[in-house]
Amino acid sequence: MNFDEIIERNQTNSMKWDAVKTIYKSDDVWPMWVADMDFKAPQPVLDALHNVTEHGVFGYHLPPESLREAISEWMLKRFDWQVETKQITFTPGVVPAIHHLIQALTNEGDKIIIQPPVYYPFFSLVNVNKRELIENFLLEDSGSYQMDMDDLETHMKNGAKMLILCNPHNPSGRMWKHNELVKLLELCKKYDVTLVSDEIHSDVILHGKHVPLASIAGAEDVQVATCMAPSKTFNLAALQLSYVISNDDELQRKLELQMKQTFSGIGSPFASAAAEAAYREGEPWLEEMLAYVQGNVDYVKQRLDEQMPKIRYMDPESTYLLWLDFRALNFEEKDLEQWLRQDARLALNDGHTFGKPGSGFARMNLGCPRSHVKEGLDRLQKAYEQLV
């Protein structure tokens with residue numbers, strides 16, 4: 001796969017490329033925001049989609065058992081995690097899945113914990129469903145994040161019903177380690193808290209090894225819903241296929257009942273074919289992509305260290321996202337946004353949208369050709385040099 005290939009995405013109804021004028025109020029901003037990649041999907045996926053098109057009938061669809069088997073085999077191979085096919089519930093995206101889980105497993109007014117800075121839809125998922133949002137802020141430590149376990153336990157003592165975990169962590173790329181997840185499970189067991197674990201980035205691992213929360217000994221004593229998808233892994237977000245792996249029959253029953261009530265979960269032959277092809281034949285593409293993205297990360301780190309030392313970063317263990325720290329430039333929040341848009345001419349995700357601890361940060365997407373990264377860094381450096 002040639003990851004240096006430039007694939008034109010302007011005027012293709014791409015959110016990343018075609019919505020920048022509306023969102024960032026300019027035609028001249030370089031899009032490094034929305035978390036999809038500017039790479040073609042693996043060739044086996046393209047071939048599978050072609051076969052579906054050639055068949056020519058696009059009626060109501062049931063995801064095949066062979067897709068469940070492919071997912072189960074992938075979990076065993078990548079994570080040494082034994083998942084039975086009957087544990088898998090298909091959903092039309094991880095964010096919709098979390099919505100359904102909130103509806104199925106909690107009641108209006110219940111307290112739900114999230115851990116800012118964190119993927120911004122978590123906030124609205126809790127609020128729109130009329131649950132009480134509880135924020136367990138992550139703590140900065142040596143250029144990374146740690147969980148505040150004491151604060152977390154206080155919230156659980158005070159009656160929280162659910163914790164939504166982001167693992168690997170978006171936006172920082174932090175992977176929660178085995179011992180941290182064990183402590184988390186112990187607290188949830190002690191206070192009877194349901195865990196919803198968003199693990200959509202679990203395959204995009206740059207170094208280290210992802211540990212699925214539900215694979216840990218002791219997880220069977222806690223209700224755990226693991227939300228996964230091939231979308232980040234193989235750049236298939238528009239196909240809207242994800243799944244929840246339930247470690248508890250009653251949890252799964254409630255989830256599927258709630259989905260039936262809203263007629264959710266009707267599948268697409270395109271999504272099923274693409275996902276199965278990806279899981280069965282896409283691993284070589286994935287390994288090449290990860291090496292390429294790590295090269296992008298290294299390139300950005302080197303340029304920041306040498307040419308823009310006041311812009312810091314959290315070194316990602318996972319994802320194709322880089323969490324940039326602009327606080328040493330001493331901007332007010334709105335001034336940083338304006339500087340990035342008007343001076344650097346960059347479209348990044350504003351840090352404050354990930355919660356209060358994200359103020360002064362911005363998220364940069366490196367899932368793109370190196371030349372695209374270079375253009376973004378050139379713009380950033382020009383604005384930086386004019387500033388300092």
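What is the handedness of the crossing of α7 and α8? The crossing is right-handed, where right-handed means that the near helix is turned clockwise from the far one by less than a right angle, and left-handed that the near helix is turned anticlockwise by less than a right angle. The legends below describe a predicted model, in which local features need pLDDT of at least 70 and side-chain atom pairs count only at pLDDT 80 or more, while totals for chains, interfaces and linings use all residues. Residues are numbered from 1 along each chain as its sequence is written, and side-chain values use heavy atoms, with hydrogens and water left out.

View 1. Seven strands form an open sheet with mixed pairing, in the order β2-β10-β9-β8-β7-β3-β4. At the edges are β2 (88–91) and β4 (132–135), each of which pairs on one side only. Neighbouring strands of this sheet are turned against each other by 25 degrees on average, direction ignored. Strands are DSSP runs of E with at least two residues, helices are runs of H or I with at least four, and both are numbered from the N terminus. Two strands pair if DSSP finds at least two bridges between them. Strands of a sheet pair through backbone hydrogen bonds, either parallel or antiparallel.

View 2. Strand β2 runs antiparallel to β10 (residues 242–246), and four bridges join the two. Across this pairing, phenylalanine 90 stands opposite tyrosine 243 in β10. Threonine 91 also lies in strand β2. Threonine 91 counts as buried because its relative accessibility is 4%; buried means under 20% relative accessible area, exposed over 50%, and partly exposed in between, with a 1.4 Å probe and protein chains only. Apart from its neighbours within four places in sequence, threonine 91 is in contact with Ala97, Gln240, Leu241, Ser242, Tyr243, Val244 and Met259, contact meaning heavy atoms within 4.5 Å. Alanine 238 is 147 residues from threonine 91 along the chain, and their C-alpha atoms are separated by 13 Å.

**View 3. Helix α5 on the sheet.** Helix α5 (residues 94–105) lies across β2, β3 (111–114), β7 (162–166), β8 (194–198), β9 (224–228) and β10. The helix runs at about 160 degrees to β9. Axes are lines fitted to C-alpha atoms, for helices over the stretch in contact, and angles run from 0 to 180 degrees between N-to-C directions.

**View 4. The packing of α5 and α10.** Two packed helices are described by the angle between their axes and the distance between the axes. For α5 and α10 the angle is about 110 degrees and the axes are 9 Å apart. The two helices are therefore roughly perpendicular to each other; angles of 65 to 115 degrees count as roughly perpendicular, under 35 as roughly parallel, over 145 as roughly antiparallel and the rest as oblique. On the α5 side, His100, Leu101, Gln103, Ala104 and Leu105 meet Leu251, Lys254, Leu255, Gln258 and Met259 in α10. By class, this contact has six nonpolar, three polar and one charged residues. Ala, Val, Leu, Ile, Met, Phe, Trp, Tyr, Cys and Pro count as nonpolar, Asp, Glu, Lys and Arg as charged, and the others, Gly among them, as polar. Leucine 257 lies in α10 (residues 249–261) and counts as partly exposed, at 41% relative accessibility.

**View 5. The packing of α7 and α8.** The axes of α7 (residues 149–157) and α8 (residues 178–191) come within 10 Å and cross at roughly 20 degrees. That makes α7 roughly parallel to α8. Met149, Leu152, Glu153, Met156 and Lys157 in α7 meet Glu180, Lys183, Leu184, Leu187, Cys188, Lys190 and Tyr191 in α8. The residues of this contact divide into seven nonpolar, no polar and five charged.

**View 6. Two cis peptide bonds in loops.** Proline 116 and proline 117 are joined by a cis peptide bond, with omega about 0 degrees. Proline 117 is in the loop between β3 and α6 (121–128). A cis bond also leads from asparagine 167 to proline 168, with omega near 0 degrees. Proline 168 is found in the loop between β7 and α8.

View 7. Lysine 25, in the loop between α2 (20–24) and β1 (30–31), has phi near 60 degrees, a positive value in a residue other than glycine. Lysine 25 counts as exposed, at 69% relative accessibility. Serine 142 lies in the loop between β5 (139–141) and β6 (144–146), and its phi is near 55 degrees. At 76% relative accessibility, serine 142 counts as exposed.
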